[in-house]
Amino acid sequence: MGGPASAVTGALIRALADCAAIVTLGLAAVPLLESDRYRAELSRRAAGPLAVAAAAWLLAEIVRLTVDAAQTAGVGFWQVGVRTLTDFGLHTAAGRSGLIGIAAALIVGAVAILVPRGATTTAATVGVAAVGMAARTLAGHLSESPVGGMAVAVHALAAAAWCGVLSALVLTVTHRGQWARVLPRFSQLSLSCVGVLLVAGVAGAAVKLHSPAELWATGYGRVLAAKIVVTVALLVLAWRNRSQWLPAARAHRSSATLSQHRSLIELGMMAVAVTLAAALAVTG
């Protein structure tokens, strides 16, 4: 159960769970980018997609927890019993982090459906989603190092805020005037996120790697090197968008269709980076 096939399966399932969690976090936070006058409208528009994203996150976390329990017990996915799943969830770090993710997804989904969105609700939902994401990273490949684990958690949350809010904009912003209002605020948010994720990413890599040669001499290093290449390309694209797309959108010279197209290209590269990050979590 611990061969290459299981590692690939684990990475794919983790990538799906990560993507769902990222979109959930972004949809929870996206109303904060809107002006006071239009914030309630954007909150209402985001509520439906937020419930769907949280449901997808919940399902992905349940599947991930079951797969991890099956691999740990050395049995097939459909052979995992309630007792095995319960023992894994309660008595292992990976299991407990999975339960936190499940609880976070369940709470966010319930709030999106049942609770009117206000400033307090939005802040609480963002906090719960962030806790659900951070719990998984703290039980990952750098969990044995307090500094490394914290660096990975901060790195993951900064990346999630950047990717998630952009995906939320694609799902909720439908006209040029709204892009003109929210894109400058997103640009400031993404600039802060990039700075934090770069510093935290370097700190995490420094803890894990003992020499630069490990970037090409180990499986973990090669995946990390690929992620670095994708991240550099993504930063170049993001800077190009900031210098060209942002001024056009602010001046109402960029249509909603063009803004969504540019966002989707950036999100495609982000999805590759998230998949490589998931592969890092099961490599090493």
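**Exercise 1.** Classify Glu41 as buried, partly exposed or exposed, and describe the salt bridge that its side chain forms.

*Solution.* The model is a predicted one.
Step 1. Glu41 has a relative accessible area of 34%. Partly exposed covers the range between the buried limit, under 20%, and the exposed limit, over 50%; Glu41 is therefore partly exposed.
Step 2. The side chain of Glu41 meets that of Arg45 in a salt bridge, with an N to O distance of 2.7 Å. A salt bridge requires these atoms to be within 4 Å.
Step 3. Arg45 is likewise partly exposed, at 26% relative accessible area.
Step 4. Both residues belong to helix 2 and are 4 residues apart, about one turn of the helix.

**Exercise 2.** Determine where in the chain Glu34 and Arg181 lie, and why their salt bridge ties together separate parts of the sequence.

*Solution.* 
Step 1. The side chains of Glu34 and Arg181 meet in a salt bridge of 2.9 Å, N to O.
Step 2. Glu34 is found in the loop between helix 1 and helix 2 (39–73), whereas Arg181 is in helix 7, so the pair connects parts 147 residues apart in sequence.
Step 3. The accessibility of each partner is then assigned. Glu34 is buried, with a relative accessible area of 0%, while Arg181 is partly exposed at 25%.
Step 4. The total for the structure is 6 salt bridges.

**Exercise 3.** Characterise the largest pocket by its volume and its lining.

*Solution.* 
Step 1. The volume of the largest pocket is about 800 Å³.
Step 2. Its lining comprises 39 residues, with His155, Gly201, Lys227, Ala277 and Leu280 nearest the centre.
Step 3. At least two lining residues come from each of helix 1 (4–29), helix 5 (119–137), helix 6 (146–172), helix 7 (176–208), helix 9 (219–250) and helix 10 (256–281).

**Exercise 4.** Relate the annotated spans in the UniProt record to the helix content of the model.

*Solution.* 
Step 1. In an unreviewed entry, UniProt places "domain: Copper resistance protein D" at residues 180–280. This span is 89% helix and 0% strand, and its end C-alpha atoms are 37 Å apart.
Step 2. The unreviewed entry also lists "transmembrane region" for several spans, including residues 12–34 and 186–207.
Step 3. Residues 12–34 are 78% helix and 0% strand, with end C-alpha atoms 34 Å apart.
Step 4. Residues 186–207 are 100% helix and 0% strand, with end C-alpha atoms 31 Å apart.

Key:
Residues are numbered from 1 along each chain as its sequence is written. This is a predicted model: local features need pLDDT of at least 70, side-chain atom pairs count only at pLDDT 80 or more; totals for chains, interfaces and linings use all residues. Side-chain values use heavy atoms; hydrogens and water are left out. UniProt positions are given in the numbering used here, feature names are shortened, and annotations may be inferred rather than shown by experiment. On a 1 Å grid over the protein atoms alone, a cavity is a set of points where a 1.4 Å probe fits but cannot get out, and a pocket is an open set with protein on both sides within 12 Å along at least five of seven lines; lining residues have an atom within 4 Å of a point. Grid points are joined across faces, edges and corners, and a volume is the space filled by probe spheres set on the points. Buried means under 20% relative accessible area, exposed over 50%, partly exposed in between (1.4 Å probe, protein chains only).
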